[in-house]
Amino acid sequence: MPLIEINDFSFKYYGAETLALKKIDLTIEAGEYVVITGPSGCGKTTLCRTINALVPQFHRGYIAGNVVIDGKNTREHTVAELSSIAGLVFQQPENQLVTLNVEKEIAFGPENLGVEPAEIRRRVEELIELFDLEHLRDKHPHEMSGGEQQRVAMAATLALKPKILVADEPTSNLDPKSAEIILDFISSLNKRDMTVILVEHRLDLVSKDAGRVVLMDKGSIVADGHPRKILSQDICQDIGVGVPKATLVYKRLKEHGIDLNSVPLTGDELAGLVKEVSSL
Amino acid sequence: MIMMENVSFAYDGLYTALQGVSLQIDDGEIIAIMGTNGAGKTTLVKHLNGLLRPNSGRVIVDGVDAQHYSVAELAREIGLVMQNPDHQLFLDSVEKEVVFGLKQLGFAEDEIKERTDRTLSSLGIKDLSERSPFTLSGGERKRVALASVLATEPRVLALDEPTIGQDARQKEKLADMLLELNKKGRTVIVVTHDIEFVIEHFSRTIAMASGSIIADGPTSAVLSNDEVIRLCSLTTPQLTQAARSLHTLFPDVHERLTLLSELEDEIVRILGGV
C-alpha cells in the first residue's frame, strides 16, 4: 500500500469562490523524494496541508474525494493523530515556534504526545547536534535570524519522528549557503528512508536530489515525472516555473541544432555534457 | 541622497547587529544588499525610515540628520516593505490594503483608484482585489504587501527579500516594475539572497557580514569575488559554475559571472551550432 494516496480530491476553503485543489490524484510510495512546484497560488501549500489533515480538519471547506495517509483517511483522523506520521515545516518559521527557547521548542511536540522524558531528552540532544543549534540552546526564537528559526522549526518537527517530512518552501528565508545545508540535510534524511515532500520554487537547488517533480497549476497537477523529463518540457515556462539555468541553456542549444546527450540540472552537468559532445 | 555615517546598533543594547556602517546612496540608484542570515541587512534598511535609530553614528537624509524626523515623516520619502508580509497586512481586502497607504498620503480619489488598479495589475493580483489577504497564498500575500508600498511610489523604495515565494514569472514582473520606477528617478534598494536576480537587474551591490559592509561596488566586481561569496554565504550561480568548468578545457571561455545569452553563444561557438 502506498504511504500517501490522494484520490480524486478537491477542496475549496470556506468562503472562497474557487477550488484550491481540483481532482487531485497522487500516489507517493514510502522513501520517495518528491518536489512539488508551480506558480504562486497554484495550490502547493493546500496540497501540503492535506497530508497531515490540516485540510480538512483545521482548514474547513468543501471537500470531495479522499486522502489516505499510511492507511488513515484524513476525513476520519485528527491532526494530532497524523502528527507522528507526517511532519510539516512551513514557509514562515516564526508562525510555527511557540516556546521560549530551543530545547523547549524541540521537546514541545513529543511532550504533548506523552513520550517518556528520557526519550525526549535523547531526541532533543540528537537534534541540537544535527542542526548545529548548541550556541542557540537558551535563546528565544525571536532573537534568532530567519535561518536559525527555520532550523529550530525543522528540529521540532522531526522530534515527533514522522515517516513523512512535508516541507513548504523551508529555505525561502535562508541565505543560499544555509539553504544548501538544509536541503542537503533533507536529502540525507531521504537517503535514510524518510519520505520527503518538498515545495520549492528554486528548482536549481533541489532537482538534482529529487526523484520526482510534480508540477501544479491552478489547483491541478499538470505534469509528474523525473526532474530531467519534466523540467525540459515547455510547460514549465508556459506556466511560469523557473527551471534551472543549466536546463534552459540545454533548451536554447537545441534551437541551434545542438543536442546534448542528457538534460543537465546543474552547471557542472552542463559543462560535462558540452565536453562530451565536443570530443566526439 | 541618503548617507549613513559610522552607524552602530545593538538590539537590547547587547546583540550587535550593525558595527560602524557607512554608505552613501544617491538619488536614482538601484542597489542590492546581500549577506548571510544575521549579517544586519534588515537592521540596516530599518534605519533608513527610522524604524530603528542608531545607538551611535548618524543617518542623514537629504543633508538633514534623520533623528529630526519622525517615522511618519520619513515614511513619506522612504517606503519599506518588510520581509514577512504578515507583519504588514491588516485589512480585510487586497484593494483596501493598497488604498490605505495612498489615503494616508492624501492622494485624490481618482488618483488613488488609478494607482491601485495599475499596481495590482502589474503585480498580477488584480483579480484578487476583493479577497482577504489572509485567504491568499504566501507568494500572493507578499505581492499585496509590495503593492501597498509600490503604489505610493516613494522617492526611495526599500524592499526586504521581495522575491521570497515568487515563481519565475512573478520575479520578472517585479523586476520590470522596479526598473520602471527606477527609470522614473526613484531610488530602489533591495535586500535579497537571490544572486541570479541581482546579477540580472542590479548595477550596484553592497555585501554585508557580521554587521559590517565588506564590499560595495559594481555588482559584477563584488559578486566575482570568491571571498565575498563565501562570507555572504552565497552559492556560485549555475551559469558561472558552468563557465568555470568549461574554462578549464576551453581557455577562451571567461570564468566570471555569466549571463545566459553569453554562455549560450560560447557553447554554440565551441560546438559549431547554427
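These legends accompany close-up views of a predicted model.

In this predicted model, local features need pLDDT of at least 70 and side-chain atom pairs count only at pLDDT 80 or more, while totals for chains, interfaces and linings use all residues. Residues are numbered from 1 along each chain as its sequence is written, and chains are lettered from A and ligands numbered from 1 in the order in which they are written.

**View 1. Chain B meets chain A.** Here 39 residues of chain B and 47 residues of chain A take part in the contact, where two residues count as in contact if their C-beta atoms, placed from the backbone, lie within 7 Å.

**View 2. The helices of chain B that touch chain A.** Look for α5 (138–150), α6 (168–183), α10 (238–247) and α11 (260–271) of chain B, each giving at least two residues to this side. α11(B) supplies the largest share, 7 residues. Helices are DSSP runs (H or I, at least four residues), as are strands (E, at least two), numbered from the N terminus. By residue class, the side of chain B that touches chain A holds 16 nonpolar, 18 polar and 5 charged residues. Ala, Val, Leu, Ile, Met, Phe, Trp, Tyr, Cys and Pro count as nonpolar, Asp, Glu, Lys and Arg as charged, and the others, Gly among them, as polar.

**View 3. The two domains of chain A.** Domain 1 covers 4–236 and domain 2 covers 244–280, with bounds from an automatic or database domain assignment. Their centres, taken over C-alpha atoms, are 33 Å apart.

**View 4. Where domain 1 of chain A touches domain 2 of chain A.** Domain 1 brings 8 residues to the contact and domain 2 brings 9 residues. On the domain 1 side, α8 (203–206) and α9 (227–231) of chain A give two or more residues, and α9(A) has the largest share with 3 residues. That side divides into 3 nonpolar, 2 polar and 3 charged residues.
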